[in-house]
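Have the structure open while you read.

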Amino acid sequence: MELYETNQLKIYNSLSKSKEIFKPVVEGNVGMYVCGPTVYSNVHLGNVRTFMSFDLVFRYLKQLGYKVRYVRNITDAGHLENDADEGEDRIAKKARLEKIEPMEVVQRYTVDFHETLQKINNLPPSIEPTATGHIVEQIEIIKDILQKGMAYEINGSVYFDVLKYNETEHYGILSGRNIEDSIHNTRELDGQSEKKNPQDFALWKRAEEKHIMRWPSPWGEGFPGWHLECTAMSTKYLGEIFDIHGGGMDLKFPHHECEIAQSKVKNKVNPVNYWMHANMLILNGQKMAKSTGNYILPNEIFTGENNILSKAFSPSATRFFMMQAHYRSVLDFSNDALEAAEKGYIKLMEALNKLDNIEVGKVSSVNIGDWKQRCYEAMNDDFNSSVLIANLFEGVKYINLLIEKKETISAADFKEFQNTLNTFVFDVLGLKNDLEQNASEKLNGLVEMLIKMRKEARDNRDWALSDKIRDELAVLGIQLKDGKEGTTFSIN
Ligand SMILES: [Zn+2]
């Protein structure tokens, strides 16, 4: 029996604004889509938090025994500078400024994105499709929406008719906005827009003469609107209705609202059963964002090269810092908070390294079954890693009491204890043990210890013992060499 059959996972659904028991479309399988990065600059720590939150979701679903197809896209075209369909394409702008091909920009920052997520120990998604690789699919959706009368073409661009859609559907169902309010609050920017209404959004934009990224379409040369790629790629790989759609809080409106509208018109269904939104990372009291300059890069943390940091912090300590907060809470970034997290991380790893020192007995005075249950309950309650970590520190307490022999544990319970700790610390939270010495470090330590013992033997004129140490090491292929600076060794 798989764990998902015995446990009740609850997910906070942004659509219903409540926690719901998770029931996938196909039993035992999960389809999950997460909006990926727009690859026009280095990924900042705020974005990394979002991707780490969904890495936790991915890991835990797998731990429960689900077969998960996790799709996360790469936006390599179509994301304009502001979300009102105005301004330049972000990637094309960067390419123009740096005088390079747009695809060089895409390649450079896709590599950076992958390297950063690997350092922080995120698992790669099952499929990572690109917007430019799905132009044909996007054009097909536009044709369909036009044919159903929910979009209009003007000067080679196609716009989704939001007001018409809202006559029969609720545009704002996810974000809780009402179109009536936005009509009263929106001022036409400068009367230059060709849209019928400012609320309408682009499905296809005509490429101006200088625009480098362009594709042929029934409406002339152009490029797809940003919201469309996620509808095209999510439904292509996960079906018209799929289980989980995730992204940062700021994508709720308009991006995800537009995705719902597109799918409702094309497939006549709500595309997603559970909408999940990760909360933001705050720096200097404000949201971390590239556009405002208020951000920190992951590499600056790993090297310590940023004025707000007192020193470098490892990817593991950084990951632990993020995991200490529930994904739906705002997380405040500071040097002090990182230092505190690092202390907690070291305490946890030191305790795990001491597990081997525990002697098992006949009976257990600690209730491992109950403790394990509490770990699962924390994660089943909308992936609450914060409560999980509190329970893991309860486990640290057990380790210390067991070593001091103030508590006892049976062999079977010890095995379960060890397995559960490993599962949650390494598989679910995705932490690495930086404190664990690798085998070669241990071997070096061992040889150094024998060299010290040999020196003591020589100081005591115990030539028999000193020769024995040297000869037996030589049999193992370890050569000692005496010099002025002391004894060194080489391993063959
Ligand atoms: Zn998206």
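1. Of the protein's 492 residues, 40% count as buried (20 or more other C-beta atoms within 10 Å of the residue's own, with C-beta atoms placed from the backbone; 12 or fewer is exposed, in between is partly exposed). This is a predicted model, where local features need pLDDT of at least 70, side-chain atom pairs count only at pLDDT 80 or more, and totals for chains, interfaces and linings use all residues. Residues are numbered from 1 along each chain as its sequence is written.

2. I get 17 helices and 15 strands (DSSP runs numbered from the N terminus: H or I of at least four residues for helices, E of at least two for strands). The C-alpha atoms fill a box of roughly 100 × 55 × 40 Å along the principal axes.

3. Take a look at helix 12, residues 335–353. Its buried residues are L338, A341, Y345, L348, A351 and L352. They sit on the same side of helix 12 because they cover an arc of only 150° around the axis (the arc of the directions from the helix axis to the C-beta atoms). D336, K343 and K347, on the other side, are exposed.

4. What do the buried residues of helix 12 pack against? Helix 11 (315–323), helix 14 (385–403) and helix 15 (411–428).

5. I260 belongs to helix 9 (residues 252–267). It counts as buried because it has 24 C-beta neighbours inside 10 Å. Setting aside neighbours within four places in sequence, I260 is in contact with I173, L174, N270 and P271 (contact: backbone-placed C-beta atoms within 7 Å).

Terms used. Two residues are in contact if their C-beta atoms, placed from the backbone, lie within 7 Å. The expected span of a helix is 1.5 Å times one less than its number of residues.
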